Amino acid sequence: MSGSVVVAGLGPGDPMLVTPEVQAALDMATDILGYIPYVGRIAPRPGLSLHPSDNREELTRARHALELARQGRHAVIVSSGDPGVFAMASALFEVLDAESSDTMVNIRILPGITAMLAAAARAGAPLGHDFCAINLSDNLKPWSVVEQRLRMAARGDFAMAFYNPRSKSRPHQFERVLEILREECESQRLITFARAVSTPDETLRTVTLEQATPDMADMRTVVIVGNSQTRQVGRWVYTPRSIAAPVAGP
Ligand code: SAH
């Protein structure tokens, strides 16, 4: 029997937000691999082996899943949110690309609801016009790239979603992010800090750029910065679907 590797997104936390397709893959799995808290979301059952690992172990984890598939097993690598958004799907293809000897393994990538979409839905519709997602961690890219992309996105008037905004090991970087935003955007720009969305710990807070402070974000927070048109109606934050045409120059 031939094995398989599935990379599945578990969504932001609420079991209701796990897609039926992902649930079916979990039900069929012989092995679940992933970062410790994500594997912790899977109910144990007879015949299912759980392989939790640390968050810097992505490539080893991907190699392990491929090995299991070659032994005929059905390995599911779980990510939070969507597996293609700052997560395991790319790590698996990086390993496959480096090994290059065997691309015949049966692989499927199953989408999930990514944090920024779950957070945007809670807030209203802050991502209703053009937007981009930026991972603020400099684990896998130089900090200068983070700063440059952030500045360019702000100048392009994109709404932005920031993943991994602030960790204990790099507390000053988010301060720098706010500094750059203050250089590029008006002080009334709306920012939503959405923490632990769809879990019992969920909190949502919308402030202006002027009011934003670094401690409003941590590693369980996704930060959504509106574009210049983003506004509030009642308790909702939304970005209109259209912008006016630029006034013609002289
Ligand atoms: N693949 C995941 C992202 C992994 S990076 C996805 O698609 O959502 C981890 C970052 O995602 C966290 O630092 C945080 O910024 C964000 N995140 C994940 N789950 C979240 C949740 N329930 N609420 C708010 N942010 C979340």
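Predicted model: local features only at pLDDT ≥ 70, side-chain atom pairs only at ≥ 80, totals over all residues.
Entry 1, domains. I began with the domain assignment, which divides the chain into domain 1 (4–113) and domain 2 (116–238). I then looked up the separation of their C-alpha centres and found 28 Å between domain 1 and domain 2. In the contact between them, I noted eight residues from domain 1 and nine residues from domain 2.

Entry 2, ligand surroundings. I listed the residues around the ligand and counted 19, with Asp82, Val85, Thr114, Met219 and Thr221 as the closest. Sorting this shell by residue class gave me 12 nonpolar, five polar and two charged residues. I also checked where the shell comes from, and both domain 1 (4–113) and domain 2 (116–238) supply at least three residues each.

For the oxygen atoms of the ligand, I recorded one at 3.0 Å from an N or O atom in the side chain of Asn164. On the nitrogen side, I found a ligand nitrogen atom 2.9 Å from a polar backbone atom of Val197, and I noted a ligand nitrogen atom 3.4 Å from a polar backbone atom of Val222.

How much of the ligand's exposed area does the protein bury? Taken alone, the ligand exposes 540 Å², and I noted that the protein buries 91% of that. Finally, I looked up the pockets and found that the ligand takes up the space of the largest pocket.

Key:
Residues numbered from 1 in each chain as written. Heavy atoms only, no water. Near = heavy atom within 4 Å. Polar contact = N/O pair within 3.5 Å; in protein donor to acceptor, adjacent residues only side chain to side chain. Areas by Shrake-Rupley, 256 points an atom, 1.4 Å probe, with all protein chains shown as cover. 1 Å grid on protein atoms, 1.4 Å probe; cavity = no way out; pocket = protein on both sides within 12 Å on 5 of 7 lines; lining within 4 Å. Sits in = over half its atoms within 2 Å of the grid points. Nonpolar A, V, L, I, M, F, W, Y, C, P; charged D, E, K, R; others polar. Domains from an automatic or database assignment. Contact = heavy atoms within 4.5 Å.
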